[in-house]
Structure formats: structure tokens, C-alpha cells
Amino acid sequence: MEKSLCMLPAVLFLGLLTHSAAALINTPAPTKSYALINYTTTTRPTLNWTEAVKGESRDGTTPATAEPDIFTTTVRDKQLDTTDTSKERNKKEKDPRDRKTEDDKSKLDCPPLGLESLRVDDSQIQASSYQRSGLGPHRGRLNIQSGIEDGDLYDGAWCAEYKDRHQWLEVDALHLTLFTGVILQGRNSIWSWDWVETYKVQLSNDSVTWHTSMNGTQEALFEGNQNPETPVLGLLPVPTVARFIRINPQTWYSNGTVCLRAEILGCRVHDPSDIYSAHESGSKDALDFRHHNYKEMRKLMKSVTEECPDITRVYTIGRSYMGLKLYVMEISDNPGKHEIGEPEFRYVAGMHGNEALGRELVLNLMQYMCKEYKKGNQRIVRLVTETRIHLLPSMNPDGYEEAYVKVAPETRAVISWMQDIPFVLSANLHGGELVVTYPFDCTRDWAPQEDTPTADNAFFRWLASVYASTNLVMANPDRRICHYEEFQSHNNIINGGAWHTVPGSMNDFSYLHTNCFEVTVELSCDKFPHVSELPIEWENNKESLLVYMEQVHRGIKGVVRDKLTKKGIADAIIKVEDHDHDIRSATDGDYWRLLNPGEYKVIVWAVGYFPSMRRCNVGMEPNPTICDFILTKTPIQRLKEIRAKGGKIPQDLQLRLRALRLRKLRASTKAINRRREGQRMRRARSSQAWKA
């Protein structure tokens, strides 16, 4: 079933909308905090800001282990001018192109504790009260989304039962933590407007005795939100070591109630007595784990080509709206050339400017494949020598650098790229959920949700399952859902239309207008994870990225050749019986048809040739079955080509043409005789009827 509503390439990538500059980084620029100038500490050892990020002091000792008094361990030797009142906010906003990279920010700010990324478990979040379970403390996570209907178990914030200043949301960090700030949002809802306008922060070591964060001699009052969605960062006047932290709302939107979503910023502090103090796993791969802006991305890609010049090539497919080049890394044992029989694969990331994880994973993949190829890793060597791999880390570089509404040049460039190269398999990488979707993404008659399978639905489900089942987070049966949709009951895969309709998606365009099969991978609940979480995200997705690429070698492949010249026939149609989706051979006559294991009747034909049929058996192993075809030209086609060249017609062709003309003459004569006999019989019946 190939759906006409989804076939227009003009609406390709309808979701290619960039986001506001504030959404381009995980933690927005501070809108209010207080100056921190040369605070000192009476405890030992000294802890400065950069060392707090690493959890070690300058001389290698562990900070704040002997005296964990929450008001004595502070930051020293670092002056931050972060004062910014609400009246000064507009004056202090900077051009997003001038913002520091996330790596630079990590030297100044502690990372998120993990409410948004779900590293903080529901059991670690408590509240003074809540209206109902759907608005419980576990829903007070930054950027969490609610369903269409209010009142279910998955609403869009924590909301207190009472409207007074005694309400609080508490987070247990499980270990001593240098708390530095709070990010606040209002409630996500299409029916209600609720947010906190001002709040206080309280800290504790035992969850019994609490101390309010102070600004000099007064309790610090932090500015919250003015709308439900814009995140607002408040930095603690004095970064403070504690285990527990509370957000204590003081005022809220007059027509609303006490509701908020939050993230906590804090650096882990080593404590030998802490039973939870074991270090979290990262990655053993020596990769450049940080967020790369456009310039840094280009520099990294260049460094990979210099390290592995024999298997890599960087090329461009066009420019963005702002004139930035769209760079692609090719990885192959013969860069720059399509080899007959070798399938083409692509990963595309960075379609949306604030979905940065895919961009970094693709850059990690470039580095990893280069390094492992040089080490002789046979799995990587096999991928490189048997596959031509194309990696586009940033389809929408403008969206990462700045905010714009729609980016048409990128769309045109990617369409041309998809049509110029005979891609066989692809995936586009997104963020904000944990699920793999497959086409069709567009529903019939624009229904908001409807299962709309393709003719290759079984193989698409296999592709999606391959990625989802090897992703360490998706495959975890105990993981928490990201927002309000439960994908685990579907094994973390879903038909795109059954989730929500997306007219003109990359998946649908690839399937309908090219030979390529493509899925969408939603990589993480957090669209823009902190730099400290990138190694873990790489480990979560590394096996999935590799095993998905290997699926390009499933099914059948071969070359369609001319019987006389032995040359490949371009644009030949390859049809698999009972699969209402045909593909075409590439310029050299080679083709690839992705199929599940089984026996298939395959028919191939081309203009000017007699069709040919073969039965091809696909096995269980991820190795393609070779199914070549030899086509014979029709006599009429041969005659046309000879006459076009002014050549002499061979005797065998003359005999075949004569035999063909005789067959046509006999057939036409037989048809004429049948027609005449029919007319005679009708006249005889009419005569008998008249006599009667």
C-alpha cells in the first residue's frame, strides 16, 4: 500500500523546524542569580570550581570528607560575575553565536543531577503534598511532557495539594553533592496554566535539619517562571555541599497553583563513608566526548580523515539557509567511488537544532570506526570493506547555532543526495523519547493516529527491533518511561503513523521515492544531555549503531546485465512476488533488495528487454544471497539501436524479426477470422428469429 497523501517530496521533513536559541543548550543562560566573589572555606582541603566537577582537589586528595557541614564547604579561587536581575536580563542577552561550548560550560557549572535524563530515580524525589498521583513528585522533572488529557497518571508537573508557602519538592542526591543551581519550569498542559514565580532553596545532610540558601545575611529568593515552558536557571549565591535539596515555592501565577518541573545542578563529592559512592561507568573508548559546535565539528571530521586517510573522505552536499556547509563523512575501503555490489548506508543526525545527542553519536562513530579499523577489529574491518558508509552529523547546522523557522536549502540538498547515491539502508537520529519508529509515518486521510504499514512491514519491524533490542536503555525492562507514552509494551518499536502522523517524513520519502529503507531512532529522553553524560550515551547506543549498519547485508543482491554486452543495465525494475514495492537497479546495474529469510520469486525487467524470473533463497545469516539476472533485448530494441548507429542488420536478427512479423500476422489473421465468424453467426440467429 503506497499512499498518495504521503508522496509529495515538497513536504519532506515537515518537522525540520529549528528552535529558539535558548533551547539550543541544555541549561539556558542565567536569568537571575547572585554574585559569588572570593568566598573562602575554613575546612580542608580547598575545593575550586573546576575540581568540584571532577570530584578531586588540586593536590589529588578528596574534598569535604572530614567536615561535611553544609555551610562551611564553599568555592574558592573563582570569581563569577553572574548577577543578573530581571530588569537587566534583556540587556545581558548575548548573540547565540557567541555562547560558549558545553565543554567550556562544564568548567564553570556543575552538571545536571539527572531529573530530566532519569538518572535520578522516582524514589529519590519527595514532596510535601500532591494533588493526585498523576501530579506526584516523580512528575516534577524538567521538560517532561503530559498527555492530551489532564487527569491521567502522566501529567506534566508536580503540583502541590495546597497553595501555601510550606510546600516543597525534595531531591535526594544519595551522596554528598556540591549543589550549584536549580532550573525551573511550569506545568506542561494544554488546559492549565501553572508556574512558580519565586522560590527558596533549602539544603540538608539528613533530611531532618534544613538550612535555607543565604544571600549574605538574608534568605536568597530566586526568580522562577513567567510562563509554563521557558526554563529559568537560578544559581545558588554560595555553592553548598549537602545530600538533600528542596525547592520551596513562595509565589506562583495568580490564576494557577503550585506546580513545577525542575532540574538540579550539582557536582558529586567523594565521601568514603557513602555506600553509594562508587563511580558511575563511562566509556573505555578514547573518544572526544564533548558538544561540538559547527567549527569544532568540522575540525573533528578533519582530524579523523588525517588519522585514517585510506578509508575516509569528507564531502559536502550543499549549504544551509545561513550558508553553512552540510558535511558528510564517507567511510569505505575505496572512498569516493561506488563499487559494484557494495551497498550504500547512511546515518543522518541533527535535523532539529536542540536534539544534539545524535550529532555527537555520529561524530563518536566516525572516531570509533577509524581507531578500531587501525587496530584490526575484524567486525569494523568487515563493515568498512563491504559497505560504503555515509555519516551526516548535522543536517540542520543553523538550528544548532541559531534560531530560524524553516530551512529549505537543507531539504533540497538532502533530497538530491538521497537520489544521487543508491542508498540501501538508513536511520535518522532524534531525541526526546526512547523508541524506534518505522514507515509509514503519514496516516490515511490525515488521521491523527493509525497503523499504516508498508508492503515491507515485517522487515521494517525487524530493523526497528534490531536497534531497540541492543540499546542498553530501551532493552532495560525496569526503565522509567520518558514522558507519558509506554513503548515497552510494543518492545520499544512502533509504526510511525500509529504514534502520530508526520506527512512528508524522511522515512516515507526514502521508501516511496528511492530504494532506501529508513527508520527514525529516538535516542534518549534528554534531547541535549550534559557533556558528562555523553560517554554513557555512547555506550548505550554503540552496539545498536553497529548492528543496525550490518543489516544492510540482509536479503538479496546482484547485477542485472545485458546478455550480449555483459554491461550492467541501469533502472531495471526488480519485483518480489507478494511484495508490492519494486526497486530499481543502480547506474552500474547492481541492486540490493532487503528481505527477511525465506524463498522468493523475483522478476526483473527493463525497457527494451524480455523479463527474467528466478527463485532466490534468503538464509538466516546476515549475508546477502547473490541473485544475478541476464536480460535479452527484444528484436525491436536491437533493430532500433542498429538503425540509430547506421549499422547492418545481422542475419539472425532478420530471421527473428521475420518470425516475429509472421507470428503477429497469424495472430491478427486469427483475430479477424474469429470476428468474421462471430458476425456470420449473429446474422444467422437474426434471420431465424425473423422467420419465426
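Predicted model: local features only at pLDDT ≥ 70, side-chain atom pairs only at ≥ 80, totals over all residues.

Residues are numbered from 1 along each chain as its sequence is written, and side-chain values use heavy atoms, with hydrogens and water left out.

**Nonpolar patch**
- Ile148, Ile190 and Trp191 make a nonpolar surface patch of about 410 Å², where a patch is made of residues with over 30% relative accessible area and no salt bridge, nonpolar side chains being joined within 5 Å and like charges within 9 Å.
- Accessible areas come from the Shrake-Rupley method with a 1.4 Å probe, and a salt bridge is a side-chain nitrogen of Lys or Arg within 4 Å of a carboxyl oxygen of Asp or Glu.
- Ile190 is found in the loop between β4 (169-185) and β5 (196-204), strands being DSSP runs (E) of at least two residues and helices runs (H or I) of at least four.
- Ile190 has a relative accessible area of 60% and is therefore exposed (exposed means over 50%, buried under 20%, and partly exposed in between).

**Positive patch**
- Lys295, Arg298, Lys299, Arg319 and Lys325 gather in a patch of positive charge on the surface, and helix α4 (residues 294-307) gives the largest share of this patch, 3 residues.
- Arg298 lies in helix α4 and counts as partly exposed, at 39% relative accessibility.

**Polar contact**
- Ser117, in the loop between α3 (102-106) and β2 (125-127), counts as buried at 18% relative accessibility.
- The side chains of Ser117 and Glu533 make a polar contact (3.2 Å), a term for a pair of N or O atoms within 3.5 Å, of which, within protein, one must be able to donate a hydrogen and the other to accept it.

Terms used
Buried < 20%, exposed > 50% of the residue type's maximum accessible area, 1.4 Å probe, protein only. Lys, Arg positive; Asp, Glu negative; His and termini not counted. Charge placed at Lys NZ, Arg CZ, Asp CG, Glu CD.
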